[in-house]
Amino acid sequence: MSTTSTGIRVAEVGGIEDGEALKVPAETTGHSDAIAVFHDGGAYYALDDTCSHGQASLSEGWIEDGEVECPMHSARFCLESGQPQCMPAIAPVRAHRVEVREGEIWLHIGPDDGAVG
Amino acid sequence: MRLCRRIAVVGAGLAAVSLCDALRARGYDGELVLYSAEYGLPYDRPPLSKDVLLGKARREDVLLRPEQWYAERHVALRDGSVVRAVRPREGGLELADGTVVVADRVVLATGGTPRALPVPGGDDPAVHVLRTWEDSVRLRERLLPGTRVAVVGAGLIGAEAAAVAVARGCRVTLVDPVAVPLAGVVGDAVAGALHGRHTAEGIAVITTGVSRLEHRPGGSGVVLHLTGQGGPVAADLVVAGIGIRPATGLAEAAGLHVDNGVVVGTEQRTSHPNVFAVGDVARRDGHRVRHEHWEAAQRSGEAAAHGILGEPLPEPGASWFWSDRHGSRLEAVGTMADAERTVVRGTPDSGAFTVFGLRDGRLVAAAAIDRSRDIKAARRIVDRGVPVDAARLADESADLRALLKR
């Protein structure tokens, strides 16, 4: 699959519990990294899964108040923008668009050139 | 406050780099120079006793920041630069080559040096320590299958080194006079389970002290004579993991208040207002111990940046550390010594469980093996002072997140 905005159906609404994330493998999307799709308080977000600081999966992080905290060293990222909110991360992770359509969660892979809002 | 335009940092570990990040993030645009006695780009230390020792991480994998970070943030790295003196009154530093450096603020991030084994023969060439990149690489080259390795000290570094050595096929003996290391910090249950893993993985654990090291005549290696039962132990190499001495020499010579570390206030300010100390070398006034953990170092750098810029400090929150050994991860929040009762979540027999420490109906500490999410929840519960019910903490069917939503 190309990295254009065709969209990939990743789950049904209800398939990702609040405070949880679904890791969509790179093989499924054709993207350079796995993508974590987060559910935070009724809203869905998607970021590149690998922390920009260390080798850790953000899908296993703590999700709260619009942020995800990396399970490895506790760097926090904005779920919306992928921007780091505290050390030790200093670089963003790429953000992708998520759409809820007819009870299903769709992932739209963003361009491969930096974080998108 | 006098305008600060030149900051000189002695040392280039995590605390120093975190300081630079925080200074730039807060808008400081003056001179910022790191003087590192070591060569090369600054690196992160936790992997030195884990993936570097296992041969799974190269130098470029463990850099604290990529090379372009220094250029982008105008942080000048003077590697291979030894600082000979700090001169607070004159305002600056003197380098080993005689160069005088003028600075408005000096930050000491000199870390520490591993303690040598304080016994006869403790300086034998067979004894390794683990603090720097070179220490780790030197030891890694010797950890060959069948090598007899004696690790002295079963705290964080010793336990991790022993786990790596046995994973690499070495025959490992772990010697510590403490029956269950770390129990004071993480509690008996977690400490006991962790320590028990050593034996399960084939490490010979001996609970006693070392009285002397005898050089094996005509060969390499030593015989460890012990103070109690279980010896002597023949070893091709020894790893001493018995803590560090804070590198306070520069601070002492500069007349700063030094007592088991450079004594600092909440902003990491030393007894001289223009000199700060961060990381392992610093001891917070009123704290009995130096907090020699990764996150504590990072936070101390951030706190010093706030202090230098005269900005209010962020709330520190509960302390946190981790340790990896035998494929498991220990994490702890706060210290179990602060708890008056404990409650277990999960099944200790499974190897993965959490112990919560409570006092006066509040959570004060938590320690877990392979239960990172419990720790993340615990940290928030501690920091927010949420009243907790012990039965709910113990109930696996009760979501810890729910405790935070009220």
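Author: Helices and strands are here DSSP runs, a helix having at least four residues and a strand at least two, and they are numbered from the N terminus. The model is a predicted one, and every value below is computed from it.

With those elements in place, B:Pro232 can be located in the loop between β14 (222–226) and β15 (233–235) of chain B.

Other loops of chain B hold backbone features of another kind. B:His74, in the loop between α3 (67–72) and β3 (76–79) of chain B, has a positive phi of about 50° although it is not a glycine. This histidine has 13 C-beta neighbours inside 10 Å and therefore counts as partly exposed. B:Asn260, which lies in the loop between α8 (249–253) and β18 (262–264) of chain B, is likewise a residue other than glycine with a positive phi, near 55°. Its C-beta neighbours inside 10 Å number 13, so B:Asn260 counts as partly exposed.

A further loop residue, B:Leu48, sits between β2 (31–36) and α2 of chain B. Because 25 C-beta neighbours are found inside 10 Å, B:Leu48 counts as buried, the cut-off for that class being 20 or more. When neighbours within four places in sequence are left aside, the residues in contact with B:Leu48 are B:Leu53, B:Leu130, B:Trp133 and B:Ser136. For B:Leu130, the distance from B:Leu48 is 82 residues along the sequence but 7.5 Å in space, taken from C-alpha to C-alpha.

The helix to examine in chain B is α5 (residues 156–167), whose 12 residues reach 17 Å from the first C-alpha to the last, which is close to the 16 Å expected at 1.5 Å a residue. Since 11 of the 12 residues of α5(B) are buried, this helix is largely enclosed by the rest of the structure. The buried positions begin with B:Leu156, B:Ile157 and B:Gly158, include B:Glu160, and also take in B:Val164, B:Ala165 and B:Val166. As for what they pack against, the partners in chain B are the helices α2 (51–54) and α7 (188–200), together with the strands β10 (148–152), β11 (171–175), β16 (237–240) and β21 (320–325). Just after α5(B), the backbone takes a positive phi of about 90° at B:Gly169.

Chain A itself contains one helix and nine strands, running β-β-α-β-β-β-β-β-β-β from the N terminus on, and 44% of its 117 residues count as buried.

Within chain A, three strands form an open sheet in the order β5-β6-β7, with antiparallel pairing. The edges are held by β5 (62–64) and β7 (76–78) of chain A, each of which has a single partner strand, so one side of each is left without a neighbour in the sheet. Neighbouring strands of this sheet are turned by 20° against each other on average, direction ignored. The pairing of β6 (residues 67–69) of chain A with β7(A) is antiparallel and extends over three bridges; across it, A:Val68 has A:Phe77 in β7(A) as its bridge partner.

Note on methods
Residues are numbered from 1 along each chain as its sequence is written. Chains are lettered from A and ligands numbered from 1 in the order in which they are written. This is a predicted model: local features need pLDDT of at least 70, side-chain atom pairs count only at pLDDT 80 or more; totals for chains, interfaces and linings use all residues. The expected span of a helix is 1.5 Å times one less than its number of residues. Two residues are in contact if their C-beta atoms, placed from the backbone, lie within 7 Å. Two strands pair if DSSP finds at least two bridges between them. Axes are lines fitted to C-alpha atoms, for helices over the stretch in contact, and angles run from 0 to 180 degrees between N-to-C directions.
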